[in-house]
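Dear colleague,

Please find the structure below, handed over for your use.

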Amino acid sequence: MKIDWAALGSVFGVSLVVTVALVGLFTLGIAGLSRQEKASAQGGSAALAVTGAYTCFAACAAAVGYGIYLIVA
């Protein structure tokens, strides 16, 4: 049995980058919702922050769905 170390390193690198990107995207979504709560407490509106947060969450869900599709297919 021969292990292809280059391919294993490539898979590790890609999974690390995708994981960090998903965590960052989810963090941006949480920050957007936090800004919305802060704005509503001050009596303002933060529609852009909520839209951005929902967009980040939708992108996270799409990435997870695509990953599940790659595993199943």
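**Annotated spans and helix packing**

The UniProt record, an unreviewed entry, places the feature "transmembrane region" at residues 6–34 and 46–72. UniProt positions are given in the numbering used here, feature names are shortened, and annotations may be inferred rather than shown by experiment. The model is predicted: local features need pLDDT of at least 70 and side-chain atom pairs count only at pLDDT 80 or more, while totals for chains, interfaces and linings use all residues. Residues are numbered from 1 along each chain as its sequence is written, and side-chain values use heavy atoms, with hydrogens and water left out.

Residues 6–34 are 100% helix and 0% strand, with their end C-alpha atoms 42 Å apart. For residues 46–72 the corresponding values are 96% helix, 0% strand and 39 Å. Helices (H or I, at least four residues) and strands (E, at least two) are DSSP runs, numbered from the N terminus.

Contact means heavy atoms within 4.5 Å. The residues of helix 1 that meet helix 2 include Leu 22, Phe 26, Gly 29 and Arg 35, and those on the helix 2 side include Ala 53, Phe 57 and Cys 60. By class, this contact has 15 nonpolar, 3 polar and 1 charged residues. Ala, Val, Leu, Ile, Met, Phe, Trp, Tyr, Cys and Pro count as nonpolar, Asp, Glu, Lys and Arg as charged, and the others, Gly among them, as polar.

Three residues may be of interest individually. Phe 26, in helix 1, is in contact with Phe 57 and Cys 60, leaving aside neighbours within four places in sequence. The C-alpha atoms of Phe 26 and Ala 53 are separated by 8.4 Å. Phe 26 is partly exposed, at 44% relative accessible area (buried is under 20%, exposed over 50%, partly exposed in between, with a 1.4 Å probe and protein chains only). Val 17, also found in helix 1, counts as exposed at 56% relative accessibility. Gly 52 lies in helix 2 and is partly exposed at 30%; Gly 52 and Val 17 are 22 Å apart, C-alpha to C-alpha.

Yours sincerely
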